[in-house]
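Let's take a look at the pockets and the charged pairs of this protein. Have the structure open while you read.

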Amino acid sequence: MEAKKLNLTLNIWRQKNSKSVGSFAEYKVQVSPDASFLEMLDELNNTLELKGEEAIHFESDCREGICGSCSMYINGRPHGPWQANTTCQLHMRTFSDGETITI
């Protein structure tokens, strides 16, 4: 039996380049609690690309918690709610169904 999916709202900072004005864009996602944070962003990107929209750009190299290139601010904290953790090691079960996450 598949685990219940989390329904989340993502507020993601979008900015085309350093000279353009940026703003937050809101996305609704359904994701497995077992997915990593980066896997959740990969799923969102698949959906955006199917709609012909620009993907969310983010760094991710090893996805094994070694390199640290996946750093991003999640709800105002580097790498998310845990200390001494990389973003790729953060799993969606950390968040609650219905939660809004700002990236």
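## Pockets and salt bridges

The second largest pocket has a volume of about 150 Å³. Keep in mind that this is a predicted model. Strand β2 gives the most to the lining of this second largest pocket, with 6 residues, and α1 (37–50) also supplies at least two. Among the residues lining it are Glu26, Lys28, Met40 and Leu44. Sorted by type, the lining has 6 nonpolar, 2 polar and 4 charged residues.

Now for the largest pocket, which holds about 410 Å³ of space. It has 13 lining residues, and those closest to its centre are Ile12, Trp13, Arg14, Gln15 and His57. Strand β1 (residues 6–14) provides the largest share of that lining, 3 residues.

On to the charged pairs. Side chains of opposite charge can pair when their charged atoms come close. The whole structure has 4 salt bridges, including these:

| Salt bridge | Closest N and O atoms |
|---|---|
| Asp97 and Lys4 | 3.7 Å |
| Lys28 and Glu26 | 4.0 Å |

Are Lys28 and Glu26 buried or exposed? Lys28 is exposed, because its relative accessible area is 61%, and Glu26 counts as exposed at 54%. Lys4 is exposed too, at 63%, while Asp97 is partly exposed at 39%.

Methods:
Residues numbered from 1 in each chain as written. Predicted model: local features only at pLDDT ≥ 70, side-chain atom pairs only at ≥ 80, totals over all residues. Heavy atoms only, no water. 1 Å grid on protein atoms, 1.4 Å probe; cavity = no way out; pocket = protein on both sides within 12 Å on 5 of 7 lines; lining within 4 Å. Points joined across faces, edges and corners; volume = space filled by probe spheres on them. Helix = DSSP H or I, 4+ residues; strand = E, 2+ residues; numbered from the N terminus. Nonpolar A, V, L, I, M, F, W, Y, C, P; charged D, E, K, R; others polar. Salt bridge = Lys/Arg side-chain N within 4 Å of Asp/Glu carboxyl O. Buried < 20%, exposed > 50% of the residue type's maximum accessible area, 1.4 Å probe, protein only.
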